[in-house]
Each structure stands twice: as structure tokens, then as C-alpha cells.
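Okay, thanks everyone for coming.

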Amino acid sequence: MLLNNLNDYAKKYPNKRPDIHQQYGTAGFRNKADTLFHVTFRTGILAALRSRSTGGIIGVMITASHNPEQDNGLKIIEPDGSMLIQTWEKLATKIANVPDDKLEQCVADLISELNINLENTMAKVYLARDTRKSSPPLSMALIDGIKACQGEYKDFGLLTTPQLHYIVRCANSDGHYGVPSEQGYYEKLSQAFLRLTTKQRKLHLIVDCANGVGADKMKLLAPYLKEKITFDLVNIGDGILNLGCGADFVKVNQRQPDSIELKPNQHYASFDGDADRIVFYYRNDRDGKFHLLDGDKIAVLVAKFLQQLLNESGLNEIQMIVVQTAYANGNSTKYIRDTIQLTSDCVPTGVKHLHHRALQSEIGIYFEANGHGTILFSENVQKQIQQQRSNENAKKLLHFIDLVNQTVGDAISDMLIVEAILDNLNLTIDEWDSFYQDLPNKLLKVAVKDRNVITTTDAERKCVEPNGLQEAIDKVVAEFGQQARSFIRPSGTEDVVRIYTEAQTKELADKLARKVGNLVYDYADGIGSKF
Ligand code: 16G
Ligand code: ZN
């Protein structure tokens with residue numbers, strides 16, 4: 001068979017930690033980087049098989065996103081730029097954990113189960129990586145895996161995760177979606193942005209790049225946009241990746257990075273380490289305080305803007321939905337349903353769930369509160385808008401569509417989307433912020449012996465097991481007034497149970513979180529001390 005030297009390659013990547021179960025989870029594989037060499041090699045094999053099986057180019061991104069520098073991870077990208085399909089996630093987990101001496105057999109079994117004809121199919125994999133020190137050696141392991149499966153590869157070096165998604169989609173759609181290169185990406189986005197914005201006002205944004213790959217990429221993008229928007233870039237690699245900065249830090253701690261001093265009326269944004277998430281913030285003149293504009297606020301802004309453009313182009317029949325998770329602030333959901341009167345739907349955490357649901361609507365806006373999100377337009381809707389393009393508003397919609405990275409949430413694209421909308425609607429950041437006021441909330445985590453004893457239903461809003469825990473939570477929540485809400489879920493990326501609460505004041509939200517945290521501790525064998 002064609003894979004006769006697989007074992008020679010595999011010898012370079014023995015599984016040194018068979019005690020660790022590697023799982024292809026919510027966002028691919030993620031672990032301490034030094035445990036991932038054999039996983040990465042095997043992912044190379046799997047990606048090549050996926051390419052043979054689909055007949056398209058597959059992407060693999062080496063990154064651990066917002067996680068610490070010493071971690072790393074892998075995300076596999078489908079030919080259409082979306083995330084690996086669920087049935088193959090299981091295969092990825094299987095191949096990653098098979099003992100070294102069974103690897104060849106496992107690959108042979110996969111080839112026969114999947115009916116892959118090695119002689120008549122080609123394998124092509126595009127890879128890229130973030131700025132972690134472990135990423136270049138891991139990319140060598142990935143390449144060896146692709147080669148072991150007689151695949152071709154193209155190494156794009158440093159890219160943001162959404163750039164690789166974009167390039168993979170372009171390459172598989174004969175240029176229909178755009179030019180499959182980093183430069184093609186900058187050109188498409190910057191052109192759309194300049195067409196969508198007005199000529200009058202100049203914009204300025206301070207961007208916290210989380211000391212990650214977004215920094216280099218923003219430097220490359222900036223010259224294309226300088227006639228309309230300029231940037232000050234901070235945390236561009238002078239500090240440690242994701243430490244004390246970045247979108248996750250800002251969202252979780254509800255404050256700006258230590259390195260930023262907030263000036264009034266200035267717009268600020270933070271990316272995460274691989275630039276697929278973004279949150280905005282500013283200092284409000286009236287109260288002198290930090291204000292966060294997270295994924296929920298972005299979703300609402302986008303929904304309002306699109307609704308207006310659709311109405312004004314006579315396309316108000318088009319069905320549009322906003323997809324959120326249980327983490328969405330209660331007041332954002334209320335605003336979407338009651339004020340702008342759009343359908344909002346709640347799905348389990350993880351981009352793939354949101355993306356999947358958004359695809360079912362003609363226009364699907366999806367954002368996680370943490371700042372990951374995008375907007376999907378069906379082919380049919382794009383055609384309808386095209387037909388109206390003599391109308392100025394329909395033209396704007398077309399530029400807007402070009403500004404969106406429809407493959408996955410993209411900090412750079414979302415950044416330009418927000419700034420372009422504010423510019424179009426002539427809104428200050430304060431006016432955007434005042435659409436609705438966030439209900440005070442709290443995120444807490446509890447370490448437990450086994451997080452899998454927790455199961456949930458109703459898009460993670462109700463706990464099913466352990467028995468009695470949900471009733472206990474309901475009872476506590478009832479003590480905290482009408483607006484109080486809480487849910488718990490096992491993390492998909494860390495060995496903890498997450499707790500989320502909302503209440504009328506920050507103090508109440510914090511207190512409720514501690515109470516629910518203690519319940520989780522009691523019902524699910526907590527580790528360490530209680531709150
Ligand atoms: C991953 C997910 C993100 C989700 C987060 C939840 C992707 C690309 N990323 O980062 O969507 O919000 O996990 O983490 O799907 P948790 O399960 O640890 O709370
Ligand atoms: Zn990320």
C-alpha cells in the first residue's frame with residue numbers, strides 16, 4: 001500500500017504520555033504543548049485522509065487561542081472553511097489515543113472503513129500557526145504526518161485562525177469567495193471597509209493584540225486602511241501571550257489590560273491570541289468608568305444595522321435570526337426580542353453549535369458573549385441583494401457581506417464591521433453602549449474530581465445530573481429576586497465546572513455565584529476549599 005513508510009515517520013513521534021487522554025473537543029485538541037507531538041503527527045495523517053475523503057483542501061491551525069503560552073492545540077478546517085464535522089472529531093480522538101504499535105493498523109482500518117482509495121485520490125493540507133514557541137516544531141510534526149499519508153501541503157507560517165479558515169474556503173471555491181492568500185484577505189476586507197464607510201470622519205482605534213499573532217497581521221493590514229482609520233497597537237509581543245491582556249482577560253475580569261490607560265471617548269478593542277475573538281471597551285465620560293462592549297453588544301449592533309439596511313432596500317421579508325448561548329446577557333436577549341423584535345435562539349457553548357444554527361436561517365448573526373462570532377448569508381439572500389444593487393442600501397449590504405469572514409468569528413473582520421457600522425449610523429461608542437444595560441453578572445469555576453458527572457440540557461441552561469442539583473440551584477436563585485439567573489456546565493476546555501450568574505447588582509451576582517459554586521462543590525465532589 002501507499003503508506004509503507006508510515007512507521008518510519010511514526011518512530012519520530014512516540015506517545016510519551018499514554019496516561020493523558022487527548023480529546024478533540026469544542027475547539028479541537030488542546031493541551032500542554034509538550035504532550036502534543038504525537039497528536040500533531042497523527043492529526044497530519046487524519047487531515048490528509050479527510051482531504052482524500054472530501055476531495056478538497058483541508059486546513060490545520062496550530063494554536064491554543066486564548067490559553068497560556070505553554071499550551072498549544074490543533075483545529076482542523078473543512079474545505080468550506082468551517083470546523084471539522086462532528087463524525088470526524090471522534091476519529092481524530094481515536095487516532096490520537098491509539099497505542100504506538102497499533103497506529104498503522106488504526107490508519108489502515110480507517111482507510112478501509114471510510115472507503116478511501118489511496119491510488120485515485122489526492123491529499124492536500126494547508127497549515128498555519130500562531131506565535132507560540134512550540135508552534136514551529138509542532139508544524140514539523142504535522143508536515144511529517146501529511147507526508148506519511150503521501151499528502152501535499154502548503155505551510156502559510158504565521159496566520160490568524162480566521163485567516164486560515166478564509167484561505168481554505170477561497171482555495172476550495174475557485175476564487176469565488178476571494179483570492180486564497182493573506183494579501184487577498186487584506187485586499188478584500190480593506191476594499192469593503194473603505195466602500196462601506198464615509199469619507200468625512202477619520203477613525204482611530206487602540207488595539208490590544210494579546211501579544212499574539214494579531215499584532216503582526218494588524219501591522220500588515222493598517223496601510224490599506226490609513227485614509228479612513230488609524231491604529232495604535234499595544235501588547236504586540238513585548239509581553240507574554242494572553243497574560244494580563246487579550247479579549248478573554250478583559251471579558252473575565254471586566255477591566256482593561258494593565259498596560260492600557262483609558263482616555264475618554266477613545267475606542268479600544270482586545271483580540272485573543274489567535275485573533276478569532278474581539279471585545280470593545282471605553283471610558284464613559286459621565287461615570288469615569290470602564291465599559292465593556294462584548295459579543296452580545298456586537299450582535300445587537302449588527303442586527304440593528306442589517307435590519308435597517310434590509311428595510312430600506314425593500315428586503316424586509318428576509319428572515320434573520322440572532323444565535324446566542326446561555327452566557328448571553330439577559331438584557332441583550334430581551335433587547336433583541338422586545339426592542340428590535342428579531343428571533344433569538346440559544347444553543348450550547350462552542351462555535352460549531354452557533355454556526356450550525358445560524359446556517360439554518362437566511363441571515364444568521366451569531367456571537368458568543370466572549371466575543372467570538374460572525375454573520376452568515378445564504379446564497380439565495382446574496383442573490384436577492386445583488387438583484388437590488390441599484391439601490392444604495394443594497395449596495396451597502398453587498399459591501400458589508402464582503403467585509404464579513406463567513407467561515408468563522410474573526411477579530412480583524414469584526415473590528416472593521418463594528419467601526420463601519422458606528423460610522424454609518426453616526427453613533428458614538430457611548431450611544432452604542434446605551435442600547436441596553438448589561439445585567440451585572442459573574443463567572444466562577446469550581447474544580448471537581450470528575451467534571452463529567454455534570455450533564456445538562458436545554459442548551460446548557462438546566463442541569464440533569466447529579467440528581468437534585470438543579471432543584472437546589474433553583475431554590476437559591478429564587479432568593480435573589482426576579483432578574484436573577486444561574487446555570488452551570490462542565491467546561492469543554494478545562495478540568496472545571498463553570499458557574500454563571502446574573503442579578504440586579506454586582507454584589508448579588510457575586511454572592512449568588514459563590515452560593516451556586518458551593519452547591520456544585522457539594523453535589524459534584526469539589527476539590528480545594530469552598531467559597
Ligand atoms: C472554545 C470555543 C469557544 C467556547 C469556549 C468555551 C471554539 C472555536 N472555541 O474556546 O467557542 O466559548 O471553548 O470554553 O469553538 P469552556 O468550555 O472551557 O467554557
Ligand atoms: Zn481564539
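So, tyrosine 13 and phenylalanine 41: both of them are buried. Keep in mind that this is a predicted model. The two rings form a stacked aromatic pair, at 5.0 Å centre to centre with 20 degrees between the planes. Now look at where they come from. Tyrosine 13 is in the loop between helix H1 (6-11) and strand S1 (29-32), while phenylalanine 41 belongs to helix H2 (residues 37-54), so the pair ties together parts that are 28 residues apart in sequence.

Next, phenylalanine 487 and tyrosine 500. That pair is tilted, with 35 degrees between the planes and 5.5 Å from centre to centre. Here phenylalanine 487 sits in strand S18 (residues 485-490) and tyrosine 500 in strand S19 (residues 497-502), 13 residues apart. Both phenylalanine 487 and tyrosine 500 are buried as well.

How many aromatic pairs does the structure hold? There are 17. Ring pairs also link Tyr166, Tyr177, Tyr185, Tyr186 and Tyr224 into a cluster.

Rings meet charges too. The charged end of arginine 50 sits over the ring of tryptophan 88, 4.9 Å from its centre, and lysine 304 has its charged end over the ring of phenylalanine 435, 4.2 Å from the centre.

Okay, on to the annotated site. UniProt, in an unreviewed entry, puts a "binding site" feature at Ser65, Asp272, Asp274 and Asp276. These are spread over 212 residues of sequence, yet they cluster in space, the largest C-alpha distance being 8.0 Å.

Take serine 65, in the loop between strand S2 (58-62) and strand S3 (71-77). Its relative accessibility is 3%, so serine 65 counts as buried. Beyond its sequence neighbours up to four places away, serine 65 touches residues including Asp272, Asp274 and Asp276, and also Arg30 and Arg132.

Then aspartate 274, in the loop between strand S8 (267-271) and strand S9 (278-283). That one is at 0% relative accessibility, so aspartate 274 is buried too. The side chains of aspartate 274 and serine 65 make a polar contact of 3.3 Å. Leaving out neighbours within four places in sequence, Lys75, Thr160 and Val213 are among the other contacts of aspartate 274.

Last stop: serine 344, in strand S12 (residues 343-346). Buried or exposed, for serine 344? Buried, because its relative accessibility is 9%. Its side chain has a 3.0 Å polar contact with the side chain of arginine 337, and serine 344 also touches residues including Val322 and Ile336.

How values were computed: Residues numbered from 1 in each chain as written. Chains lettered and ligands numbered in written order. Predicted model: local features only at pLDDT ≥ 70, side-chain atom pairs only at ≥ 80, totals over all residues. Heavy atoms only, no water. Phe/Tyr/Trp six-rings, centres within 6.5 Å; stacked < 30°, edge-to-face > 60°. Helix = DSSP H or I, 4+ residues; strand = E, 2+ residues; numbered from the N terminus. Buried < 20%, exposed > 50% of the residue type's maximum accessible area, 1.4 Å probe, protein only. Lys NZ or Arg CZ within 6 Å of the ring centre and 35° of its normal. Polar contact = N/O pair within 3.5 Å; in protein donor to acceptor, adjacent residues only side chain to side chain. Contact = heavy atoms within 4.5 Å. UniProt positions renumbered as here; feature names shortened; annotations may be inferred.
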